[in-house]
Amino acid sequence: MATYSNITSATTTTLYAKPTEAGEGLLIPKALYISNNHTADCSITLYIDDGTVQYYIVTRLIIPTGTAVEIHNISFDEEICDLKLTTNSSTTDITVKYIYD
């Protein structure tokens, strides 16, 4: 199963939000496919945020125009952490494909 989202500005997007109530049962992506659809390179930072500390998976990764990156085996304590993606270009146009088990 997969879902998609599109990001078109320099922003931080929460890809997975920790549950607000016990047993909410949200799906955690096991892999991400991030493609750059714009005519310029874009920079991304992917990290896990526990509300106090950020744990970086990739920092300022440049994705050239017309290419993509796949990130597999994403694992974290989903009860206390969020998974976030920051884009650092005002001309961003990326698609994020969330891949679940």
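Q: Hi! Where is Pro19 found?
A: Hey! In this predicted model, Pro19 is in the loop that runs between strand E2 (12-16) and strand E3.

Q: And is Pro19 buried or exposed?
A: Pro19 is buried, because its relative accessible area is 14% and the cut-off for buried is under 20%.

Q: How far apart are Pro19 and Ile80 in space?
A: Their C-alpha atoms are 7.9 Å apart, while in sequence the two residues are 61 residues apart.

Q: Nice. Switching to the sheet: what is the strand order?
A: The order is E1-E8-E3-E6, in an open sheet of four strands with antiparallel pairing. Strand E1 (2-7) and E6 are the edge strands, each pairing on one side only.

Q: What does the twist average there?
A: From one strand to the next, the twist averages 15°.

Q: Back to E3 and E6, how many bridges do they pair over?
A: Five bridges, with strand E3 (residues 31-36) and E6 running in the antiparallel sense.

Q: Which residues in E6 are the bridge partners of Ala31 and Tyr33?
A: Ala31 has His72 as its bridge partner, and Tyr33 has Glu70.

Terms used: Residues are numbered from 1 along each chain as its sequence is written. This is a predicted model: local features need pLDDT of at least 70, side-chain atom pairs count only at pLDDT 80 or more; totals for chains, interfaces and linings use all residues. Side-chain values use heavy atoms; hydrogens and water are left out. Two strands pair if DSSP finds at least two bridges between them. Helices (H or I, at least four residues) and strands (E, at least two) are DSSP runs, numbered from the N terminus. Axes are lines fitted to C-alpha atoms, for helices over the stretch in contact, and angles run from 0 to 180 degrees between N-to-C directions. Buried means under 20% relative accessible area, exposed over 50%, partly exposed in between (1.4 Å probe, protein chains only).
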